[in-house]
Amino acid sequence: MLPVAVFGVPVRIACIGDSVTQADSTHRSYRYNLWKKLIDAGAEFDFVGSMTTNFNGSPSWPNYSGQIFDRNHEGHWGKRADEILATLPGWLASYTPDVALIHLGTNDIIQGQTAPSTVQDISAIIDVLRTDNPKVVVLLAQVIPYLRQSPHFAANSGNLPALNSGLAGLAATRNTVQSPVVIVDQYTGFSPSTETYDSVHPNELGEEKMALKWMQFLSAHLPGPPLTIDADVVPDATQFVNYSSLLQASGGNPPYSWALADGSVLPDSLDLAAGGELGGVPQVTGEFSFSVEVTDASQTTFSKSFTLRVASALENWREFHFQSTENSGDSANGFDFDHDGMVNLVEYAFGLDPKIPDRHGLPQAVRTESGLVYQFSPPSGVTGITYRAEWNTALTGEWTPVSSTGAGPELRFSVPTGNHGRLFLRLVVVAP
């Protein structure tokens, strides 16, 4: 769960640290590079903090994409974690961060503090932030390396690996679902010989590298487009034909889970899977209204109503040939549009074109030694039709039905000749 990802509400970001965060009058700080990346990402955000300047004055911060650099921060030159801890409650009286980027501990180690005591101070800083906002997201940096070139550094000032190891353990123990604490490794891959201007503070290359790493983790906690269901309609279905349509969502915080909205019912034999697939074999025709609901990983929901039209295959056939689904006029079942002696329903039942005279597609009765036989398979795609056979000896009066003895889709209607002088066998097609 990402508790700060709320579309339309700027995320308040506090950059908390020492001189690496503040930078001096000739360096813009990683904050400027990060600000540009957030703008490029289309994020809605607001840098917050009690400070608006760099150490000993500020450099020029060029406008970017028509926007003026947001200078607020909480970077304090030369400060240790315990000193930030002592004054942070007062600073937070004027703002409440949703996300805190913490890069602290370098001065503590340089000035002879132990790694465990520094980690303890940073843990207390997290407590202060959570008192101000119980849902604050903390991105905690393993601090960048430096070169020991100053005699003023304490004897244990090379103990950054122990500090960073302790910070990783701190993140693991303080992380919660409500208030995540995420470790950001700013140490690995950072070169103090080429990416600092004085062996300690980042130059332009170092500032860009830090901004990239912050952005990699920060992007997961930024609001994106709102959760929505992409389609406004679902494809039509055909009675007795397998139907499958995948609903899709966008925005919010994937992955998504789908369900019918309360009170909604799908046509018989259709189901909505949690992955968004609407499928089954519809048994009845008509138009059916229902609503679906999609839920993202942040438990945000969005619902939309749809109407599913289930047509018979015969209605689709009419629409294709006559631009009408109605059983009337040119498209009526009993109308012989092409005057070839076969009405539209027969043309449909045997896969023929109702506008082209053609009787060759009809099954033909075959006379055998024992009688008359009709044997055929219904055309692919023709559904909803009942095929029957009947016989009599005079073309008048009652006709006797014949049952099919075919296997699978094949139909076979057979009548023995017996002692009949004449024998007539006919096929009958019936639509619902």
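An open sheet in the predicted model consists of 3 strands in the order β9-β13-β12, with antiparallel pairing; strands here are DSSP runs of E spanning at least two residues, helices are runs of H or I spanning at least four residues, and both are numbered from the N terminus. Two strands are taken to pair if DSSP finds at least two bridges between them. The edge positions are held by β9 (243-246) and β12 (270-272), each of which pairs on one side only. From one strand to the next, the twist averages 10°. The model being predicted, local features need pLDDT of at least 70 and side-chain atom pairs count only at pLDDT 80 or more, while totals for chains, interfaces and linings use all residues. Residues are numbered from 1 along each chain as its sequence is written, and side-chain values use heavy atoms, with hydrogens and water left out.

Within this sheet, β9 and strand β13 (residues 277-280) run antiparallel and are joined by 4 bridges. In this pairing, L246 stands opposite E277 of β13, and S245 has L278 of β13 as its bridge partner. On the β12 side, 3 bridges connect β12 and β13 in the antiparallel sense, with D271 partnered by G279 in β13. The two strands β12 and β13 form a hairpin with 4 residues between them, and G276 in the turn adopts a positive phi of about 100°.

Strand β17 (residues 371-376) runs antiparallel to β20 and is joined to β20 by 6 bridges. One of the residues involved is Y374, whose bridge partner in β20 is F413.

Y374 also belongs to the lining of the second largest pocket, where V346, F350, L362, Y374 and L427 lie nearest the centre among 14 lining residues. On a 1 Å grid over the protein atoms alone, a pocket is an open set of points with protein on both sides within 12 Å along at least five of seven lines, a cavity is a set where a 1.4 Å probe fits but cannot get out, and lining residues have an atom within 4 Å of a point. The space in the second largest pocket amounts to about 230 Å³, a volume being the space filled by probe spheres set on grid points that are joined across faces, edges and corners. Strand β21 (residues 424-430) gives the most to this lining, with 5 residues. By class, the lining comprises 11 nonpolar, 1 polar and 2 charged residues, where Ala, Val, Leu, Ile, Met, Phe, Trp, Tyr, Cys and Pro count as nonpolar, Asp, Glu, Lys and Arg as charged, and the others, Gly among them, as polar.

The structure contains 1 cavity of 30 Å³ or more.

Among the helices, the axes of α5 (residues 115-132) and α6 (residues 160-174) come within 9 Å and cross at roughly 35°; axes are lines fitted to C-alpha atoms, for helices over the stretch in contact, and angles run from 0 to 180 degrees between N-to-C directions. The contact (heavy atoms within 4.5 Å) brings A115, T118, V119, I122, S123, I126, D127 and R130 of α5 against A162, L163, G166, L167, L170 and R174 of α6. These residues comprise 8 nonpolar, 3 polar and 3 charged.
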